[in-house]
Amino acid sequence: METPAIYAGQSLRLLRLDGGIAELCFDRACESVNKFDIRTIDELKAATALIAADTSILGLLVTSAKEGFIVGADIYGITALFDRSESEIAAFIGARSMAFTALAALPLPIVTALNGVAMGGGFEIALAGDYRLMADTARLGLPEVNLGVFPAFGGCIRLPRLIGAVQALDWIATGKPQTAQAALAVAAVDACMPLAELRAAALATLRAAIADGAWKQRRQLRRGAVTRFDADLYAQLKAAAASNARHYPAALAAAEFIESTAMMSEAEALLLEPATVTRLVRTPTARALVQLFISDQIIRKKGRDYVAAARDLKQGGVLGAGIMGGGIAYASAARGIPVLMKDIAQTQLDLGKREARKLLDRQVKAGNLKAEKAEMIDASIQPTLSYAEFARNDIVIEAVVENLGVKQRVLAEVESQVGADCVLASNTSSLSIGEIASALTRPENFAGMHFFNPVPVMPLVEVIRGTRTSDSTAATVAAYAVAMGKTPVVVQDCAGFLVNRILTAYFVGFLKLIRDGADFEQVDRVMEAFGWPMGPAYLQDVIGIDTSSHVIEFISAAYPERMQLDFEHAIALMARLQRYGQKNGQGFYRYEADARGRLVKQASPEAKELVAQGQVGAGRSFSDQEIVDRLMLPMIVESAVCLEQGVAASAAEIDMSLILGLGFPRHHGGALKYADLLGVDRVVAACESYAGLGGGYRATAGMRTLATRGGRYYG
Ligand code: NAD
């Protein structure tokens, strides 16, 4: 017999079970996961009102009919808030939070069965109830700080009252999902068990609660002040949150909120919650992080589409066992695709294998990998000096020296050794994919696959389409990147591809700024304060000034209308004087190894003097804002040009590439999101004020159109 429904909505239903028990079951129609959007909250309110009015209901079981419990708030719903006024946002949040509070106020025991992932609102609804039971395999957490906000449905109030202020802040400030074991250890849940036993156990808990009424006292305790607050430990966590608060204010705001409401009743604290969350919703950081979350989803979906359109990938091949080839072979093998790694020198093959072994041993030592699995991975990287077994490769990545003639010859050679469907890709960092392809008989099977160094760490892979690359080849190369756990972004063939091209625009801005008299140490300080992991001068030293000098020369020459460098700039000067940066201890800074062998950066008066020689405006002072403008505007302009020329398909892909490939500060969301946050009209106006510096500061036609109609890169 079907269980009678008291209420049936699109996101949840309320069912009548035996013994005065009702079940509130989340089961979002036509979707694989449950989430909190406006409709779900409205249905929750409706179901709660029905329960409140029905005196025959003595206890409530909260469940999910999906594999997960509830994944959290509907992120698109958050974006809808961004353009509202402060009072509208606060009213919106307050009304949503009230739905949870109304549930929490029902005069009956509430038991939640957490069968799978319960994040954000998913965990907060469980916190609104009295008892929580959790499947061993489930995860829960409050990840809102990762979106630049903090839990808005009572999470910052109910969690500290349940597990203590220190533990609650730790969970909220890191935003990490917690295992069932971790949740049980701090009594965030009452019990954990195998999923198969969860429902019966939750029902038994509920029946017992109805019978003994112990839930009333438990609830009473939790409605008062926070009872566990270790001030010293709390201060430490708060200080950690404060250290990052300039760009990421949410964790500190959570710390301050928990502290300032700790002595209040739950009801009093709830009244203050909407205003604090509203303040965070209105920060640029929240806008940037929410957009990145959405962009990430879009790019993942594209990745799945590439995988669906790709050819089979069972066996890979790598040519060149150097820094990059060795890393690529490791990344492939570690993710289950065996590789034939070919080089012309046995010493290089030995080196490549040793590198892979080192990476595997490190993982075994850290407890992330079983020793037997490491052996298997190691064995699946097969070094070779010949093409003998290359016929079985589905894909081959070329990573030999950066020389057009050598690459053309090697790729033509390998093409004659592999099957007609085998995909070939080059890890070239600068050569034209079209030109390399001209040496091939099957150019449609060829694309660029640009990894970043170090391969095991860097998440981005640019997949470069030559004019003759087929859709299936581009999809297969992208799918190989997905198989390695990387994020592929498909880009068109042009000098510098996407990331290095945009980076070069930034470096050209830097070099002109230095020429005009800026102090590179100040520039580094300002750009680091802006959020870059390192300033541009320091970054040169880390990349290696000889390498960087070549890259800048090559890429800037390809875009003379925006990147012309018609003076001997600081990087060329350093390269000429063999100040190569970290690799030989001298660059913009001086480097010396400390006792543990780590390079320590120190000021270099010599470098300052050298740079001063090439300066036309020595002694002129620059404000922080001018420094930021002069470096970031060319980056925005070049990103806009790339979008308009279709070098990448979307603003999301360009911004994500800058974030994953360069470490662009996440709180600014990428160059185009940053333009949105500033206002494209203001960016265009700023460009005009620097027009004398050259084409790199000339707003594009697309930027001007957006500016005149008040548009944005992200709708
Ligand atoms: P590397 O000098 O460390 O390695 C090149 C390897 O290729 C050497 O082991 C060499 O013996 C081998 N080799 C040369 N000719 C060969 C042939 N005919 N057949 C097989 N192997 C051959 O160079 P790397 O830094 O690994 O760079 C490789 C490629 O990756 C270059 O195109 C480079 O531009 C590109 N890349 C490098 C980086 C980086 O940061 N190093 C980043 C992105 C892309």
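Me: Which residues line the second largest cavity?
Reply: In this predicted model, the lining of the second largest cavity consists of Leu127, Ala128, Gly129, Asp130, Arg158, Arg219, Arg222, Arg223 and Glu266. The elements that give two or more residues to it are α4 and α9 (214–222).

Me: How does that lining divide into nonpolar, polar and charged residues?
Reply: The lining of the second largest cavity has 2 nonpolar, 1 polar and 6 charged residues. The space inside the second largest cavity comes to about 30 Å³.

Me: How many cavities of 30 Å³ or more are there?
Reply: There are 2. The largest cavity has a volume of about 50 Å³.

Me: And what lines the largest cavity?
Reply: Its lining is formed by Ala505, Val508, Gly509, Lys512, Arg562, Pro634, Gly696 and Tyr697. Helix α20 (residues 499–515) contributes the most, with 4 residues. By type, the lining of the largest cavity holds 4 nonpolar, 2 polar and 2 charged residues.

Me: On to pockets. What is the volume of the second largest pocket?
Reply: The second largest pocket holds about 1,100 Å³ of space. Its lining has 40 residues, and those nearest its centre are Val71, Gly72, Ala73, Asp74 and Ile75.

Me: Which helix gives the most to that lining?
Reply: α2 does, with 6 residues. Among the elements that each supply at least two residues to the lining of this pocket are α1 (38–53), α3 (86–104) and α13 (284–309). The lining of the second largest pocket comprises 25 nonpolar, 7 polar and 8 charged residues.

Me: Now the packing. Which residues have the most contacts inside the largest nonpolar core?
Reply: They are Met527, Phe588, Met632, Met703 and Tyr713, in a core of 106 residues.

Me: What does Met703 touch, leaving aside its neighbours within four places in sequence?
Reply: Met703 is in contact with Ile636, Val637, Ala640, Glu644, Val680, Val683, Val684, Cys687 and Tyr713.

Me: Last topic, the cysteines. How many disulfides does the structure hold?
Reply: The structure holds 0 disulfides. Cys494 is in no disulfide, and the nearest cysteine sulfur, that of Cys642, is 5.9 Å away.

Me: Is Cys494 buried or exposed?
Reply: Cys494 counts as buried, because its relative accessibility is 17% and the cut-off for buried is under 20%. Cys422 is buried as well, with a relative accessible area of 5%.

Conventions: Residues numbered from 1 in each chain as written. Predicted model: local features only at pLDDT ≥ 70, side-chain atom pairs only at ≥ 80, totals over all residues. Heavy atoms only, no water. Core = buried A, V, L, I, M, F, W, Y, C linked by side-chain atoms within 4.5 Å. Buried < 20%, exposed > 50% of the residue type's maximum accessible area, 1.4 Å probe, protein only. Contact = heavy atoms within 4.5 Å. Disulfide = S-S within 2.5 Å. 1 Å grid on protein atoms, 1.4 Å probe; cavity = no way out; pocket = protein on both sides within 12 Å on 5 of 7 lines; lining within 4 Å. Points joined across faces, edges and corners; volume = space filled by probe spheres on them. Nonpolar A, V, L, I, M, F, W, Y, C, P; charged D, E, K, R; others polar.
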